[in-house]
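Let's take a walk through this model together, one element at a time. Have the sequence and the 3D view open as you read.

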Amino acid sequence: MAPALSKFANRRTLAGACALTALLWILKRRNHKRGAKNSRNAWPANDIQYVIKEEKPKSAPKAYVNAKFFKQLQQLLKIGIPSIVSPEFGFVLLIAGSLIARSLCDLWMINVGTLIEQSIVNMDTFTFRKRLIKFMAALPVIAVVNNVLKFGLYEMKLRLRTNITRDLTDQYLKGFTYYKMSNLDSRIANPDQLLTTDVDKFCESCTDLYSNVAKPLLDIFIYVYRLTTNLGGKTPIIMLSYLVVAGAAITHLRRPIGAMTVQEQRLEGEYRHIHSRLITNSEEVAFYQGNNREKLILLASFQKLVAHLRRFLEFRTFIGIVDNFVGKYMATIFGFYAVSLPFFQKNHPILSGSPDHRFKNYYTYGRMLVKLAEAIGRLVLAGRELTRLAGFTARVTEIKTVLDDLNAGKYERTMISDFKDEPIGSPGAGRIVNRDNVITFDRVPLVTPNGDILIRELSFEVKSGMNVLVCGPNGCGKSSLFRILGELWPVWSGTVTKPPRGKLFYIPQRPYMTLGTLRDQVIYPHTKAEMARRGRTTDEDLKKLLDLVQLGHLLERESLTNTEGQGWDVVADWMDVLSGGEKQRIAMARLFYHKPQFAILDECTSAVSVDVEDSMYSYCRQANITLFTVSHRRSLWKHHEYYLQMDGRGNYEFKPIEPDTEEFGS
Ligand SMILES: Nc1ncnc2c1ncn2[C@@H]1O[C@H](COP(=O)(O)OP(=O)(O)OP(=O)(O)O)[C@@H](O)[C@H]1O
């Protein structure tokens, strides 16, 4: 019985059995997955719902290898390779040169390899040794060529990435584009993923494709030339026709890969975003002990990603089978067929001479043909990279388009419909006039980015020295007024008159600390060099400002507890190191340093004790900084001359604060 069984245990039956098992496993798993879909408990995350700002695309993302893709690719490459006299173009040439050198090395190795084998068959020891030494002497050169090629490819990728990242970063941080992208426009939810991973993958895919396409193309050219001159045109034509037909068929089959790549990057971005939200809000979550809830959200996002990656893997496995069959094995079959043609013709010149000579010819041309078939196979396979590149190109183009639109003042967001019948203008249709020492709103509507009208027409005038208290219920539009004043939100109609941007300072509810030294916190957004250029403030002056907000001790305390730098040069993660009230006080010291004409204080002293707050307001008066304050504290009314009260139903009152004005707040 055993010998009878072992008869079947050859390599072919084993390979067949493995393939069959794999197929059965995939089919079983698909059925299992269908079953799992029906059970709501397959993943704990099945009940979790969440929305990340990005609007759901109306249709599945599209990224095909077509004329549009080549145009987009050309536009991005223009940024990556600015001109033909740039170093980047030099690297393109270096890679091309290395590829040519490598192909020539291959060709040389085929020839010398055949000669070595010939001397072995002829039992000619002397020639064998001579050729072997020649072969060995050339090996270091080949090793250098290979590694120059690798270096060229990596450096090329790095340069592409540098140029594209610089271009996108310039646009992203121009004006308030970074703010507008996440607040006024809903096309992109995770610009961080696009600007980091996607750009990197795009550049990697570009350089991979360049070498995967250029090398086979060059090989094809060289081998077709050599074969045509020796074997006639028919042999290479058969191979090239195969390339065209097989390439077109596989490219068509691979079309979904582009869109699937886009979706993969989207879901990766979403998953990463949820992780970074948890890091940002770790303290709050920890106090609430929200571990389990956050875990469920993370798992929900991860499950979406994994489900997509698995679908993608299955599709790639299917395409991989077709690729292997068409690109590798069938190409070799066609190769054998094509190279045999001249040998079966009675009067072909190649058949002249002894059988030994014929054998050598077949051997040389046969190898070249195998190389040609391999090159064709690689070119057909490079199409896979092309479809993936189409996906990355679509992603990077997407952020570039949105950045261009935002910089041109164009936003895309689903608007609520009620404003459409109202004559309130359109985003950006209002005017902004720059003038010193006055802020005027002349019939300006307060409209949210969704098109929700908070106040239909707002008009008031505030001159330097007139402090204004802004009050009203939550959500009535206090911060929105300042967003318009700070030029973050567009003016829909009417005219806003205000000092230029640098002379208006905003201190938000949540204090922001930058990465850097203690000095950087007080002078933000200035740098040390800018502070020195400005001339009027020294480190001693900064110390006086810290004393004003009663934080003078910080200099010593942080020098003692931090190992990085001393005094003003202490470096720490200030968001973590300082308490809520300390951060708010630093923000006030920042205001005193900049001494703007107007300051907007948006509940920015809520964590500061009343007495310190009082002295800070008095100093503002001394420093001639006119204030717009949002606060629910009654103690602050005495520092203001006017109040602007909104009722949350579209009405407002702008009036002087008289002795008989009823003060409200806590
Ligand atoms: N980026 C945004 N996109 C869409 N709507 C927004 C946006 N920011 C604010 N809103 C809406 O605008 C309205 C006014 O918000 P705003 O922040 O101005 O309120 P507020 O008066 O400052 O409230 P609070 O006292 O709670 O700080 C709210 O209904 C809010 O939902």
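Beyond its neighbours within four places in sequence, glutamate 264 is in contact with Lys201, Leu305, His308, Leu309, Phe312 and Arg388. Keep in mind that this is a predicted model. Glutamate 264 sits in helix H9, and its relative accessible area of 7% makes it buried. Threonine 261 also has its place in H9, which spans residues 256-280. With 0% relative accessibility, threonine 261 counts as buried. Setting aside neighbours within four places in sequence, threonine 261 touches Phe312, Arg388, Gly391 and Phe392.

Now turn to helix H3, residues 67-80. Its 14 residues reach 20 Å from the first C-alpha to the last, close to the 20 Å expected at 1.5 Å a residue. Which residues of H3 are buried? They are Phe69, Gln72, Leu73, Leu76, Ile79 and Gly80. These cover an arc of only 115° around the axis, and therefore lie on the same side of H3. The general rule behind such a pattern is that an α-helix has 3.6 residues a turn, so residues three or four places apart point the same way. On the face of H3 turned away from the buried side you will find the exposed residues Ala67, Lys71 and Lys78.

What covers the buried residues of H3? The cover includes helix H4 (87-121), helix H5 (125-172), helix H7 (191-231) and helix H12 (355-407). Let's look at the last of these partners. H3 and H12 pack at an angle of about 65°, with their axes 9 Å apart. That angle makes H3 roughly perpendicular to H12, and H3 passes H12 in a left-handed crossing. From H3, Phe69, Gln72, Leu73, Leu76 and Ile79 take part in this meeting. From H12 come Leu386, Leu389, Ala390, Thr393, Ala394, Val396, Thr397 and Lys400.

Finally, the backbone deserves a look. Most residues other than glycine have a negative phi, and most peptide bonds are trans. Tyrosine 524 and proline 525, however, are joined by a cis peptide bond, with omega about 5°. Proline 525 is found in the loop between helix H14 (518-523) and helix H15 (528-534).

Arginine 443, in strand S2 (residues 438-447), has a positive phi near 50°. Arginine 443 is partly exposed, with a relative accessible area of 48%. Asparagine 624 has a positive phi too, near 60°, and lies in the loop between helix H20 (610-622) and strand S10 (626-630). At 57% relative accessibility, asparagine 624 counts as exposed.

Technical notes:
Residues numbered from 1 in each chain as written. Predicted model: local features only at pLDDT ≥ 70, side-chain atom pairs only at ≥ 80, totals over all residues. Heavy atoms only, no water. Helix = DSSP H or I, 4+ residues; strand = E, 2+ residues; numbered from the N terminus. Expected span 1.5 Å × (residues − 1). Buried < 20%, exposed > 50% of the residue type's maximum accessible area, 1.4 Å probe, protein only. Arc of directions from axis to C-beta. Contact = heavy atoms within 4.5 Å. Axes fitted to C-alpha atoms, helices over the stretch in contact; angles between N-to-C directions. Parallel < 35°, antiparallel > 145°, perpendicular 65-115°, else oblique. Left-handed = near helix turned anticlockwise from the far one by under 90°.
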